[in-house]
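Biologist: Can you take me through this structure? I would like to start with the ligand.
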Amino acid sequence: MNTENNNRIEKYKGFFNKEYLMGPNSLRLLDEMLTKYPLKEGKRVMDLGCGTGLTSMFLAKEAGVSVFATDLWISAAENAERFKKWGIEDQVIPIHADANTLPFAEGYFDAIVSIDAYHYFGAKKGVFTDKILPFLKPGGVFIAAMPGVKEELTGEAAALLLEWMEGNTKDYDTFHCRRWWLDLIGKSEEFEVVMDLDLDCYEAAWNDWFASGHKYGIKDKTYMDRGMDRYLSFIGLVIQRREK
Ligand SMILES: C[S@@+](CC[C@H](N)C(=O)[O-])C[C@H]1O[C@@H](n2cnc3c(N)ncnc32)[C@H](O)[C@@H]1O
């Protein structure tokens with residue numbers, strides 16, 4: 001990654017803690033995606049699965065876009081307070097909604113961004129085309145980064161992942177490789193996958209999570225130390241809705 005990029009992330013170090021992080025550092029993941037696929041200033045963006053809104057803040061401040069910060073587990077009221085505290089309340093609108101039933105007009109967004117969230121609801125056939133794509137303008141982009149694996153797991157590696165997920169097959173089934181995601185999304189005249197990658201910042205993003213002091217970060221580290229780090233990756237996707 002270039003120096004300019006590293007400087008941009010340095011400003012946010014005060015947020016790399018258990019109060020804000022909900023998993024591997026979403027700011028590093030978003031920073032890398034936006035470096036590789038920059039958004040133009042002034043665009044209208046949905047941050048889908050925004051959690052505590054760190055990525056929404058980064059989008060507003062660094063990309064200069066207006067943001068609909070949308071999340072299921074974190075209330076709009078809680079995020080509204082944070083956005084006021086951060087001085088971004090005019091640029092970032094908190095929304096409480098489920099990705100399966102989004103309360104927006106079709107064709108409303110220039111971009112939908114989803115960092116460390118899409119795997120929770122998107123790892124099923126048809127979700128992208130039925131629940132996400134309709135909300136993009138023609139020419140708009142979906143930018144996602146989700147935890148995954150370098151190759152689909154089998155044998156001992158699969159057993160270790162299942163143990164890490166405490167036997168919960170629903171959580172286990174969210175970890176897939178880039179090829180799996182591309183096959184799931186498929187091909188269509190409606191959209192084009194314009195970028196797919198395993199993210200470079202994968203290790204740094206996990207390390208920030210382990211260092212955050214969050215109890216889940218501490219638990220996750222024990223599985224990295226037992227060998228999970230050899231298999232994991234972070235998958236990045238950029239998908240563009242074709243112009244009509
Ligand atoms: C691990 S957290 C990541 C939050 C944030 N993107 C970040 O990286 O800091 C996953 C987020 O996905 C959101 N999420 C999960 N299922 C969802 C759904 N069906 N609709 C909207 N958001 C969802 C949760 O509310 C949660 O905040």
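Modeller: First a definition: Ala, Val, Leu, Ile, Met, Phe, Trp, Tyr, Cys and Pro count as nonpolar, Asp, Glu, Lys and Arg as charged, and the others, Gly among them, as polar. This is a predicted model, in which local features need pLDDT of at least 70, side-chain atom pairs count only at pLDDT 80 or more, and totals for chains, interfaces and linings use all residues. Residues are numbered from 1 along each chain as its sequence is written.

Biologist: How does the shell around the ligand divide by class?
Modeller: The shell has eleven nonpolar, six polar and three charged residues.

Biologist: Which residues come nearest to the ligand?
Modeller: Ser26, Gly49, Gly51, Trp73 and Ala117, out of 20 residues around the ligand. The elements giving two or more residues to that shell are α3 (54–63) and α5 (118–122).

Biologist: What counts as a helix or a strand, and how many are in the chain?
Modeller: Both are DSSP runs numbered from the N terminus: helices are H or I with at least four residues, strands are E with at least two. The chain has eleven helices and seven strands.

Biologist: Back to α3. At what angle does α2 pack with it?
Modeller: Helix α2 (residues 26–36) and α3 pack at about 40°, and their axes are 9 Å apart. Axes are lines fitted to C-alpha atoms, for helices over the stretch in contact, and angles run from 0 to 180 degrees between N-to-C directions.

Biologist: What is that arrangement called?
Modeller: α2 and α3 are therefore oblique to each other. Angles under 35 degrees count as roughly parallel, over 145 as roughly antiparallel, 65 to 115 as roughly perpendicular and the rest as oblique.

Biologist: Which residues meet there?
Modeller: From α2, Ser26, Leu27, Leu30 and Leu34; from α3, Leu54, Thr55, Phe58 and Ala63. Contact means C-beta atoms, placed from the backbone, within 7 Å. By class, this contact has six nonpolar, two polar and no charged residues.

Biologist: And α10 with α11, which residues meet?
Modeller: Trp206, Trp209 and Phe210 in α10 meet Gly217, Asp220, Lys221 and Met224 in α11. That contact divides into four nonpolar, one polar and two charged residues.

Notes: A residue is near a molecule or strand if its C-beta atom, placed from the backbone, lies within 6 Å of it. Two residues are in contact if their C-beta atoms, placed from the backbone, lie within 7 Å.
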